[in-house]
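Welcome! Take a moment to look over the structure below, and then we will walk through it together.

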Amino acid sequence: MDIMRAMVGVGRGVILALQMLVAVAAAALAPTDGSAWTSPSGRIAVLAGTGGTVSTLECYKLPSPWRAHPWWGASKNDPFSPCNTSPPPPTGIHGGSWYGRTDIQTFGTTPAVYAQLDYLPDSASGVAGGESYATSDLTGCASYAAGTAGYNGIKVKVDIAFRNRFGTQLNGLSVLYEHVAAGPYVWPSAHSYKWNNPTAYQRLWSVEDFRLNDSINGGMPLGNVAQVVPPYDYSCSTGNYLHQASAAGVYNYARFIGEGINARVSDIEFVSLANITGDAPTDR
Amino acid sequence: MKHMLACLSILSVMLVGSLMTACYADDDPRATSSTATQLPQATEASQTSVEHPTPLDPTIPPFDGLPHRFIGFQGAFNVPVWDDRNLSDEEKANDPWYNPSWVPFSACLADRGLEIRSDPSQAFSQADLDRLLARLNAEYPDPEVNKQFPYHATGKVSGDAGIFFDCAEEWLTKTPREIYEITGVPNLWWPPKPAATESVTH
């Protein structure tokens with residue numbers, strides 16, 4: 001029994017050493033984007049709202065005379081990405097309070113657009129579900145009528161509340177999708193919808209309107225990428241594409257101009273939210 | 001011996017990092033306890049109707065308590081910038097865009113005693129709106145308080161915030177088409193220009 005107790009002591013020492021190694025590794029993987037992680041990862045992701053090809057990351061430039069969002073081909077060495085993001089919010093032509101701004105070209109097609117998240121914590125203290133609503137952010141570029149000169153869809157702002165299984169609100173997030181031909185879930189004023197995290201320890205609602213955190217099996221449908229026809233207002237849009245951004249976080253630095261991405265699968269933005277310890281990849 | 005071998009096997013597994021369980025002697029009561037986190041027992045509250053479970057903390061707002069559309073989860077007064085064209089500030093200054101809603105919106109504010117323009121005879125502009133939002137954010141600096149304003153705030157809030165909410169909910173939520181249909185004054189966006197005409201210039 002003395003030998004056993006000695007081995008117990010050794011075992012505990014090994015456990016402690018391994019735990020220290022994990023802690024050191026986690027610190028070495030700390031984010032460079034200024035976000036604060038509450039765990040070795042701590043992030044959740046906003047997934048691509050539609051499928052297509054990445055055409056802009058974070059910033060825009062104005063190559064005279066077209067004013068078009070640039071297409072730089074399949075290269076990671078895009079000179080306009082990332083923008084100056086320090087101090088936040090990002091500065092530049094499209095500076096403002098939105099982060100992780102990404103354009104996804106759809107080349108004349110009008111695929112469906114979904115708001116979808118990933119890496120929501122599924123534990124007993126994690127995200128069980130919540131509410132969300134989608135409104136149209138009224139701006140000049142988004143006010144042209146469909147089928148008229150200058151039309152390039154509307155800006156859909158999705159506000160998402162995260163709650164645990166007891167109904168306690170953990171946090172919230174706003175996500176923006178621009179150049180959208182809105183579907184029935186987008187209202188001129190707030191209409192709150194119920195969503196569940198289907199992989200949670202306990203779902204929040206007995207009856208849900210849709211699900212988040214389940215990739216291509218769910219998401220909040222917002223409509224379709226807007227069909228843009230000439231004559232364009234080049235200061236607003238030049239074709240069919242989806243612009244998305246979030247109220248916090250950064251775009252996934254692994255994305256590059258010209259990359260093909262999949263709707264409700266590809267990680268577009270990573271966001272750190274207090275009280276929500278997601279497990280998004282550390283560098284992908 | 002059998003116990004020692006069992007413990008050694010556990011240790012070897014731990015050393016390769018594939019198992020993180022403690023090694024206890026058989027007579028140690030902790031040897032039979034699970035290393036998994038003990039889950040809390042479901043409370044009565046969580047066993048009520050899942051459709052609208054009662055929050056355990058009565059200070060938590062009900063499920064309809066989402067932030068006002070002009071507040072948001074970041075807790076600050078915010079209205080989207082109207083002129084969101086991909087142009088330089090100089091180009092925008094040479095060809096300014098005005099939200100058709102700003103005319104009735106500014107009139108509503110002035111009628112309620114919240115005139116933000118230094119010269120009321122001048123058209124309400126983005127600069128005026130920015131100044132108004134800055135004033136409100138200075139007057140209401142606590143984001144957690146601001147997130148508690150009701151989503152439909154008309155007639156429910158006092159002070160400058162209440163004036164803003166009443167006028168913003170009435171006018172800043174209206175599209176250029178709606179403003180034209182109310183006022184009869186054409187604007188850049190309505191009545192619309194057909195798509196198959198000359199290019200739009202500004």
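Let's begin with a pair of cysteines in chain A: Cys141(A) and Cys236(A) are both buried. Please keep in mind that this is a predicted model.

## The bond in chain A

What do Cys141(A) and Cys236(A) form? They form a disulfide, with 2.0 Å between their sulfur atoms. The link is left-handed, with -75° about the S-S bond. Cys141(A) sits in the loop between β6 (129-137) and β7 (154-163), while Cys236(A) sits in the loop between β12 (220-225) and β13 (241-246), so the bond ties together parts of chain A that are 95 residues apart in sequence.

## The bond in chain B

The search of the whole structure finds 2 disulfides over all chains. In chain B, Cys108(B) and Cys167(B) form a disulfide, and their sulfur atoms are 2.0 Å apart. This link is left-handed too, at -80° about the S-S bond. It joins distant parts of the chain: Cys108(B) belongs to helix α3 (residues 102-111) and Cys167(B) to helix α6 (residues 159-172), 59 residues apart.

Are these two cysteines buried or exposed? Cys108(B) and Cys167(B) are both buried.

## Chain A as a whole

Stepping back, chain A has 16 strands and 1 helix. It has 284 residues, of which 56% count as buried. Of the contacts in chain A between residues at least 6 apart in sequence, 75% join residues at least 24 apart.

Notes: Residues are numbered from 1 along each chain as its sequence is written. Chains are lettered from A and ligands numbered from 1 in the order in which they are written. This is a predicted model: local features need pLDDT of at least 70, side-chain atom pairs count only at pLDDT 80 or more; totals for chains, interfaces and linings use all residues. Side-chain values use heavy atoms; hydrogens and water are left out. Helices (H or I, at least four residues) and strands (E, at least two) are DSSP runs, numbered from the N terminus. Buried means under 20% relative accessible area, exposed over 50%, partly exposed in between (1.4 Å probe, protein chains only). Contact means heavy atoms within 4.5 Å. A disulfide is a pair of cysteine sulfur atoms within 2.5 Å.
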